[in-house]
Amino acid sequence: MGEIMTYPVLKISDAKEVARALSVQLERFPNSGMIDDPSFQDLDKKIIERVGDDWQKERFLANARNFHRNVSEDRRYPDFNDTVLNERFAKHIVEQAQLVGVRALQDPDFWRYLTLFPYRNYTRMRDKDYSEARFGGSGNRQLNRWTLVLGFLWGSRLAKDNDFSLISAYRIARLSQKLSESWVKDFYINNVVRRKWAGTRAAARAMVTVTLKEPRLFDLSNSYRPTPKFGALIGRASENMYFPSMEEDELEAYFDGLLARNLDRLAPRSVSEPNL
Amino acid sequence: MSISLRQEGIALRPYAGLRKLEEHVENECILAVVTNAGPFALKHAQVLGLAKEDLDAIGVKVAFQNVDKLRDLAAPLVMDLTDIDVFIVAKDRPASPLRQTVVVARIPLQELEHEIILNNPGEHATVPPIHNRDSGFIVEMALVLNKNIQGGFSVRPREKGALIAKAIFEVKPVSEGDSFQPEPLTDEVRERFRIPQSSWMYADFTSALLTAETFGEAARFYVHESILADIQYLQGDEGFLAESLLQTQFVTGLIYAVSAALRDEEAPDESEIVESQVFMLFAKRFPAKATAELLTWLKEEPAAVLASWQSKPELSIPLIKAIKNLNGGNYDLSSPED
């Protein structure tokens, strides 16, 4: 008889309780919170093993430890910031997902476990708290706003085979133009993570590629943000073009044309645009 | 099990003859679903609600009731019928963490047969979204132009990838997890229910309150957009109090709406009511009460039902503590039931 496959989960009521305990503890001891911190051992009792899928536990947890260790070291360098942290996690969680069965990945309770156990440190670093919005408390069913799911969508929609370059391409392009990183997270979250059409991964990749082709679209201020307008334009086009039927290069060519026809409206040259 | 309708945006594809084709697709293209709960045939835009366990090893196929007519109606829209491909796509619903889109089949319209099987009943699904018992799935059938057509001024699709017609079907899990979830109170909702611009909440109890098999069909609870957004970030006592405020508003409205509906001369039969999701909620909260007793209590004494609902120590003790804390702390409480 085969071994029963299980994966760890945290029910929402237990997740709320764990989050409350973590918040209290971290307020008192701001440096605690690593995966193996003994002060949290009691909380482990809330984890339930759910039957139905498998994961490579040891490897997954070892990778999570390495991720946190590397991030902790790299945070000392001046070029490591909040945006880089998001990008690192987006790549890391896509690689980690290879070690987990699809059934477990489809289960929101598994993501609650990840948020408050192996990735509680990442959650704290990124969000500075353990409020319920991070893992779906308070009736928050918008999963693309959960901390880890957001990172996973950012990474999985842009990764192709072993190429993860688009995950950070927008930031790197901005840096090459000596522009700040302040709109980078917004760009990825507003377009790649939240747009319905970006569920077709080739469309998400094509959008980022076309955004960074000449003439490149860079958001610069609240009054000059061409990329969300471009994302909305693609959304309207998706009513009449069937993106899942198109290859990435076809989507790129289509978005190119769409942008060319609407460039003046999306990114008017007359409006406070710097010399790029 | 329940079947409801989706609401979609309007697409602009002004192709001559499109309307007839769309009508045909909407009525003659079916999603056939086989589960432990029985077989179901969904038409375009219908949503099938199933118990989670019925989503396991589900049988799913897209069936075309009259393929020849489909081809006849599609032909005038293109230069040649070989210009159209049929796509069958499975998608995760927004409640899935993965939100995947998977092309399951691509078939030239010329070669289309009367059905395309996505998963055989009793078999473990290999298409990930079909395998998703936590949040269900969406299946799309799309007729798509498969090449660029040069020149010509006729109103026909010309760009490769142009959508010609589409049918959408949705299968979602319905369980105790299908709880009342607050939705944003937008200006559109205020206008629809003719409530003041400054209102911050509204509960809409539908005529199916005592019979609906899902909470969503029984009632909708709307809360001011910014309250809904901000409340997620509140923690500790503030968070608990804010949640209590919303919960109390809704439960109070629900109990009085149920009471009024039970007093209505045209109230449904008891046998129908006891199957409803709303009644099950009360039966779960007050397990010691027999069905007839519970119904009479709800009908005659809504104020007592409300007080009893709120008396649950898990709700009342933290509430009293939270208010004490806001007032500087120092409490010494025993259970209010002592």
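Mentor: Let's start with helix α6 (residues 236-263) of chain B and helix α9 (residues 291-300) of chain B, whose axes come within 7 Å and cross at roughly 105°. Keep in mind that this is a predicted model, where local features need pLDDT of at least 70, side-chain atom pairs count only at pLDDT 80 or more, and totals for chains, interfaces and linings use all residues. Residues are numbered from 1 along each chain as its sequence is written, while chains are lettered from A and ligands numbered from 1 in the order in which they are written.

Trainee: Why are α6(B) and α9(B) called roughly perpendicular?

Mentor: Angles of 65 to 115 degrees count as roughly perpendicular (under 35 is roughly parallel, over 145 roughly antiparallel, the rest oblique). The axes cross at roughly 105°, so α6(B) and α9(B) are roughly perpendicular to each other. Axes here are lines fitted to C-alpha atoms, for helices over the stretch in contact, and angles run from 0 to 180 degrees between N-to-C directions.

Trainee: Which residues make the contact?

Mentor: B:Val258, B:Ser259, B:Leu262 and B:Arg263 of α6(B) meet B:Leu295, B:Leu298 and B:Lys299 of α9(B). Two residues are in contact if their C-beta atoms, placed from the backbone, lie within 7 Å.

**A strand with two faces**

Trainee: What makes some residues of strand β5 (residues 59-64) of chain B buried?

Mentor: Buried means that 20 or more other C-beta atoms lie within 10 Å of the residue's own (12 or fewer is exposed, in between partly exposed). B:Val60, B:Val62 and B:Phe64 point to one face and are buried.

Trainee: What makes β11 (182-185) and β12 (201-205) of chain B edge strands?

Mentor: The open sheet has the order β11-β13-β12 in chain B, with mixed pairing. β11(B) and β12(B) each pair on one side only. β11(B) and strand β13 (residues 219-224) of chain B pair in the parallel sense over four bridges, and B:Glu183 stands opposite B:Tyr222.

Key: Pairing = 2+ DSSP bridges.
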